[in-house]
Structure formats: structure tokens, C-alpha cells
Amino acid sequence: METGTAGPVLIDDEWVEKHFDHLSPDLARELHPTLARTRSRCPVAHSDQHGGFWVVTRKEDVLRVAQDWKAFTSERGITVPSPPGPPMKILPVTVDPPLQREFRQLTNPYFRPTVVKEWEEPTRAVVNRLIDGFTEDGSCEFMEAFARPFPGLTFFDLALHAPAEDLDEVNGYAIMASQMHRPEARECLLKLAGWIGRFVEERRRQGPRGDVVDAVMAAQIEGRPITPEEVVGTIQLLVLGGLETTAGVLGMAMLRLCEHPEILTALRERPELIPNAVEEFLRLDGSFVCIARTARNDTEVGGQLIRQGEKVLMYWVSANRDEAEFDNPDVFDLERARNAHVAFGAGPHRCAGSNLARMNLRVALVEIVRRLHDIQLRPGADIGFMSTFNRAPVSVPLVFTPGKRVSAPTSS
């Protein structure tokens, strides 16, 4: 796990200033030290890789790009390079206002704090059922046993009312689709779209349930009925946003807890600090790494002229460690007074599921603190990362003091 202090061995200043490659395995291993160097030397840098693009790393500049949709559009792709084949509509992230607002208004009411609060106890039951599955063993592979199944089980049951037996299939698509630069990602997005199409048809046969799926299926967009493709695209974003991103934060958080057991000790002594811990995990270990926009016209950002049609890659995870915005930005501070991070993005495309993600992380952390003791990485574990547009550990093998089950397995 990177510490944010030691610089990368294979990435030099010329690479940072001219040849920045977000798809490089070296960057995946040394993400935060490299981004710190980029912020310091060239916060708005032009890379000659992948046909050329700009890299934006300071929070002030990231917000400038994210919030000004008139200058920087999402409609010409959100990745660098653009995936092969015809563009795929993942709504509303690949459209701009005012159309984007219509799609957001469909889903926002179903993820308000008052709605999410009602899901808290069912979520706690899922968390404890999953912990019951490995606590007596004294070891587990955390990503497989907890981090990846947990958000999907709650999201499928409480938000989508989708069949739990389909979760493994959908999780597999979501994991690969999050690595949007890989050729397999498009195939997985198509398979996910196929699953959603079948799921929607089954939901139509079942009749209304008053949930977000019903709202999307019955929507009016621009004064006309929503198209089948738009239904699939809208639900696809809900699925992608509700599964792998939360799993990535959980995996990164567990690595930090293993490296810094004093955090667990502090949270056991002062559980009222758990919401603060969630915000620090989101700031330091957020899984939403970066996203692209395209300049509509010649525009200046951070003193650099970005020409019409040029791609801009803005780094959320760099903005969250910007020395100009956060005191001691690489330090996990349970009593940080101001934590205006952008782990959920910013501007019109800010994540609609932030309330749900925060609740999931808080409930999971409460139960992990309560039930798992002496947590360590398995000796000799070599931690690798999936780290392009989303970041997550490939695996987190744990050992801990065996505990007791607290509940019998039940259906979620």
C-alpha cells in the first residue's frame, strides 16, 4: 500500500510533465506520490500519450472543469482514450444539462437521506450475515468475502428489488466495466445492458413497486416517453455506481486499518468518530480516481490554454490531497475540522448515490470495529491494484482473532 511519502522508482519528472499515462501499471502502484509530484511541478500538464490530453490535479482546477459543463462537455466521452466502437450512453453521466437534469430528477428522490435512513437496519443485517460467514475462521479474503458482495446485496434488495442470485454475474460485469480502457470493458457493458433489459422486462410483468426502477420505466424525457435504451442506460449507471465504487473504498479502508491499527483502537474508544472516519476514508482512499471531459471552445485552466476539442482528465483523488486545500493532506485525521472532499465528484454529475454510500460505509465500519479484532494482512501478502478510472485492491487477505457468529444466515 502506498504511503504517500516515497516517490516512484520508474516515474521521473519528464514522465510527469510530458508523458503522463494514467493506464501505466507504474502509476497504479505509485498513484498518490506521483500525483503529489504532478501537483507540485505542473498542476495542469499536457501529456503526449493516447493522442494527447491534459491532466488536471489541483482541487481549484478540478472544480473549474467539473462545474463548467458549458466549457467542458461529457457528451464526447468520459475516458481517455475513447473506447473502440460506437459510443455507449450511460445516463446521465454521458449527457450535459439541461437533458442531464431530467435524468437526475428521476433518480434523486429515491436516494435522499430520509429514504436511505430506512435502509440502515436491513443493511446492518447484511453486514453481520457476511461477517458471520468468516469470523470463526480467523481469516478471509476481504474483497471476496465482504467488500464486493456487501454493496450489491443491499442495493439489489433495497433499491432495485433485483434477484440476489444474479448478483455474482452483475458484479463480474461491473468489475470489468470499471476498467473502461480495456477492450473487455465494452463487452461487459453490453452484457450488463443485456441483463438490465431482461430485468426490466421481468419488472414490467411483476407490476409497480414504487421504486426507482418504476420511476425510470415510466419517465417522460423532454416531453416524450423514455426510450428502452435510455431505461437501460439509466439503470446501468445506478448499478455501476452502486457496486464497485463502494467495494473499492471498503478494500482500501481495510488496507489502511491493517497498516494503522491505532485507527481501529481510536474508533473502539470513541465510536462517535466513525462518521469522521468515513469522510477521511473517502478523501484519502476514494475509489473514484478520475474522469474526462472535452473542451467545447478554447479555454484557460490554471494558466494553460486548452484548445477546442482537447481532452481533459481531472483527478478527484489528487484534488482530495491538495496541499492548498487540506492541512497535512496525507494524514488520516479523525478530527479534521473541514473535509470538503470531492470523492463523489462535483458539478452537475456529482454522484446521486452519495447518501447511500456514506450509510453503507458507516454501518460496515461500525460492525467491523465491533466484531473484528487484531486485524492484519496475511504475512507475505502482495497487494495489487486495479487503478485507472476506479481504484480497488485486487485482493485483501486478512488474518484476525476468530470471533463468534451473532446471527443465523437469513435472506436479505
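## The chain as a whole

How much of the accessible surface of the chain belongs to carbon and sulfur atoms? The answer is 51%, out of an accessible surface of about 17,300 Å². Keep in mind as you look around that this is a predicted model.

Now for the overall build. The chain has 18 helices and 14 strands, and its C-alpha atoms fill a box of roughly 60 × 55 × 40 Å along the principal axes. A compact globule of 412 residues would have a radius of gyration near 22 Å, and the chain comes out at 21 Å, so the two agree. As for what is tucked away, 54% of the 412 residues count as buried.

## Contacts and charges

Take the contacts in the chain with a separation of 6 or more: 73% of them are between residues 24 or more positions apart.

Helix H9 covers residues 149-160, which makes twelve residues. From its first C-alpha to its last it reaches 15 Å, close to the 16 Å you'd expect at 1.5 Å a residue. Why can we call H9 largely enclosed by the rest of the structure? Because eleven of its twelve residues are buried. Among them are Pro149, Phe150, Pro151, Gly152 and Leu153, and the list runs on through Thr154, Phe155, Phe156, Leu158, Ala159 and Leu160.

Just after H9 comes His161, with a positive phi of about 50 degrees. That is a positive value in a residue other than glycine. His161 sits in the loop between H9 and helix H10 (167-177). Its relative accessible area is 25%, so His161 is partly exposed.

## Helix H11 and its cover

Helix H11 runs over residues 183-206, giving it 24 residues. Its reach from first to last C-alpha is 36 Å, close to the expected 34 Å. Which residues of H11 are buried? They are Ala185, Cys188, Leu189, Leu192, Ala193, Trp195, Ile196, Phe199, Val200 and Arg203.

What covers these buried residues includes a group of other helices: H9, H10, H12 (212-217) and H13 (228-242). Just after H11, Gly207 takes a positive phi of about 95 degrees.

## Backbone details in the loops

Next, some peptide bonds. The bond from Val80 to Pro81 is cis, with omega near -10 degrees. You'll find Pro81 in the loop between strand S3 (72-73) and helix H5 (99-107). The bond from Leu91 to Pro92 is cis as well, with omega near 0 degrees, and Pro92 is also placed in the loop between S3 and H5.

Where does His50 lie? Look in the loop between strand S1 (44-47) and strand S2 (53-56). The phi of His50 is near 55 degrees, a positive value in a residue other than glycine. At 33% relative accessibility, His50 counts as partly exposed.

## Buried or exposed?

Is Thr135 buried or exposed? Its relative accessible area is 0%, and buried means under 20%, so Thr135 is buried. Thr135 lies in the loop between helix H7 (120-132) and strand S4 (139-141). Leaving out residues up to four places away in sequence, it touches Arg371, Leu372, Phe400, Pro402, Gly403, Lys404 and Arg405.

Lys70 is another loop residue, placed between helix H4 (59-67) and S3. With a relative accessible area of 58%, Lys70 is exposed. Glu144, by contrast, belongs to a helix, H8 (residues 142-147). At 63% relative accessibility, Glu144 counts as exposed.

## Distance in sequence and in space

Here are two pairs to find in the structure. Lys70 and Ala295 are 225 residues apart in sequence, and their C-alpha atoms are 8.9 Å apart in space. Glu144 and Glu102 are 42 residues apart in sequence, with 36 Å from C-alpha to C-alpha.

Key:
Residues are numbered from 1 along each chain as its sequence is written. This is a predicted model: local features need pLDDT of at least 70, side-chain atom pairs count only at pLDDT 80 or more; totals for chains, interfaces and linings use all residues. Side-chain values use heavy atoms; hydrogens and water are left out. Helices (H or I, at least four residues) and strands (E, at least two) are DSSP runs, numbered from the N terminus. The expected span of a helix is 1.5 Å times one less than its number of residues. Buried means under 20% relative accessible area, exposed over 50%, partly exposed in between (1.4 Å probe, protein chains only). The radius of gyration is taken over C-alpha atoms; the globule rule is 2.2 Å times the number of residues to the power 0.38. Contact means heavy atoms within 4.5 Å. Accessible areas come from the Shrake-Rupley method with a 1.4 Å probe; for residues, only the protein chains shown count as cover.
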